Amino acid sequence: MRPEGRRVFGARVAELRVRRGLTQRELADTIGRTASWLSQVERGVQPVNRLDVLHMLADGLGVPLHELRPDAPPSDQADESAPEPNDLDRARLLISGHPAPGTLLDSGSPYEGPSFAELRSAVDDAWSLAHGDRFAELSALLSSLIPHVERAARAAEERDRAEAYGLLARAYQALSAAFVRQNEPDAAWVAADRSIAAAERSGQAMGVFAGTFRLAHAFIRLKRYDQAEHTALSAANVLGAYTARAEEPPPEVLSLLGSFQLSLALVYARTGNRADARRETANARRTAGLLREDRNDHNLEFGPTNVEVQAVSIAVDLGDAGEALDISERLDASGLSAERQARLALDVGRAHAQLRHVEEALTCFLGAERLSPEMVRTHVAARAAIRDLMLIAGRTASPELRALARRADAMS
């Protein structure tokens with residue numbers, strides 16, 4: 001696209017955005033880009049040539065593609081290559097339909113499958129794979145494991161069924177967490193809902209709250225912030241009242257309460273509610289202070305260290321890059337999972353990108369990629385920050401930055 005064409009196109013984007021009553025930040029958030037990228041588009045600096053990006057812009061503006069860009073090729077002439085396979089495709093098929101249809105017509109048969117010791121070990125393995133972002137292996141494991149546990153929950157001896165439902169709840173929670181990180185929030189919603197139902201049948205009340213936490217994060221990834229707030233706030237209120245009555249609240253209750261408080265802080269940060277985001281971060285700090293140690297109840301990794309890791313992310317979402325860097329300098333996250341360490345590196349990279357520190361941001365993103373390559377490719381805000389780095393660097397972008405942008409699909 002020639003410079004004059006870029007200016008005309010950018011003016012058209014700005015006109016349609018204003019007509020729809022959106023700010024640059026609101027439209028950018030809708031399409032998974034940054035406000036600075038959209039500003040460059042509207043000023044005619046940044047060309048938009050990829051058809052998928054044009055479609056996202058048109059959808060965000062609420063207009064047909066040809067109203068935005070009359071010379072765009074018709075959809076039936078576009079290169080419609082097959083969608084890229086997803087590491088969790090097998091697991092997605094697994095949750096498509098009734099989880100154990102064979103038991104409906106064979107309810108009298110005894111359970112014949114792996115022992116409960118083997119099932120427990122496999123569920124622990126599933127969580128290790130989920131925390132390590134080893135999604136293809138997780139999908140293969142759960143595709144075999146979940147049908148066995150579903151059958152055990154229905155066909156095992158009565159005394160063993162509560163344990164089977166508890167294992168089933170944990171397996172679905174691992175699957176929901178993985179779907180969120182793989183950017184499949186609709187599937188995460190289904191898995192979280194199944195985990196809640198299984199936990200309730202197991203009689204484990206805290207398992208219900210753990211599944212509800214996964215549900216809240218599915219809503220966050222879907223950008224259904226009102227539902228995420230309702231889900232997290234309802235749970236936090238119940239847990240908060242419980243801890244206020246208890247002389248010494250159980251650690252798992254505090255872990256869950258603090259995790260919901262951090263979820264609320266994230267929701268408020270994403271919606272620009274600075275005061276409430278800071279209030280909930282402070283609440284989580286107080287809860288972590290009661291816990292006095294880093295724990296991993298229900299695979300939440302909640303504790304004083306994780307609160308500060310999340311505080312970095314929240315500060316970046318609020319645009320407080322300097323504060324995010326100050327917090328990160330005081331942090332030692334080496335005791336957390338590779339997943340959480342990678343998330344911290346991404347958020348520190350985003351903070352440096354906001355301050356236009358190209359080399360420092362690149363170092364952080366490369367570090368995150370070494371820990372969790374998949375996270376860099378699926379983290380929308382990180383990809384947007386990498387695009388910003390490319391815009392800032394321009395023709396001086398290093399080969400390392402260009403290669404990272406290609407791997408993260410962040411070239412335009």
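Predicted model: local features only at pLDDT ≥ 70, side-chain atom pairs only at ≥ 80, totals over all residues.
**First stop: helices H2 and H3**

Begin by selecting residues 24–31, which form helix H2, together with residues 35–42, which form helix H3; the two pack with their axes 8 Å apart and at an angle of about 110°. Angles of 65 to 115 degrees count as roughly perpendicular, and H2 and H3 are therefore roughly perpendicular to each other. To see where they touch, show the side chains of Gln-24, Arg-25, Leu-27, Ala-28 and Ile-31 on the H2 side, which meet Ala-35, Trp-37, Leu-38, Ser-39 and Glu-42 on the H3 side. Colouring this contact by residue type gives 6 nonpolar, 2 polar and 2 charged residues.

**Second stop: Leu-138 in helix H8**

Next, select residues 135–155, the stretch of helix H8, and pick out Leu-138 within it. Leu-138 has a relative accessible area of 0% and is buried. If neighbours within four places in sequence are left aside, the residues in contact with Leu-138 are Leu-88, Ala-126, Leu-129, Ala-130, Ala-174 and Ala-178. For a sense of distance, draw a line from the C-alpha of Leu-138 to that of Ala-164, which lies 26 residues away in sequence and 19 Å away in space.

Move on to helix H11, residues 205–221, where Thr-212 is placed. Is Thr-212 buried or exposed? Its relative accessibility is 14%, so Thr-212 counts as buried. Show the side chain of Thr-212 and follow it to the backbone oxygen of Val-208, which it reaches at 2.8 Å.

Select residues 274–291 to bring up helix H14, and find Asn-283 in it. Asn-283 is buried, at a relative accessible area of 17%, and its side chain makes a polar contact of 2.2 Å with the side chain of Arg-286.

From here, follow the chain into the loop that runs between H14 and helix H15 (304–317), and select His-298 there. Most residues other than glycine have a negative phi. His-298, although not a glycine, has a positive phi of about 55°, and with a relative accessible area of 21% it is partly exposed. Glu-301 lies in the loop between H14 and H15 as well, and this residue, again not a glycine, has a positive phi of about 50°. Glu-301 counts as buried, however, at 7% relative accessibility.

**Last stop: helix H17**

Finish by selecting residues 338–354, the 17 residues of helix H17, and take the distance from the first C-alpha to the last: the helix reaches 24 Å, close to the 24 Å expected at 1.5 Å a residue. How many of the residues of H17 are buried? The count is 13 of its 17 residues, and H17 is mostly covered. Extending the selection just past the end of H17 brings in Arg-356, which takes a positive phi of about 65°.

Conventions: Residues numbered from 1 in each chain as written. Heavy atoms only, no water. Axes fitted to C-alpha atoms, helices over the stretch in contact; angles between N-to-C directions. Helix = DSSP H or I, 4+ residues; strand = E, 2+ residues; numbered from the N terminus. Parallel < 35°, antiparallel > 145°, perpendicular 65-115°, else oblique. Contact = heavy atoms within 4.5 Å. Nonpolar A, V, L, I, M, F, W, Y, C, P; charged D, E, K, R; others polar. Buried < 20%, exposed > 50% of the residue type's maximum accessible area, 1.4 Å probe, protein only. Polar contact = N/O pair within 3.5 Å; in protein donor to acceptor, adjacent residues only side chain to side chain. Expected span 1.5 Å × (residues − 1).
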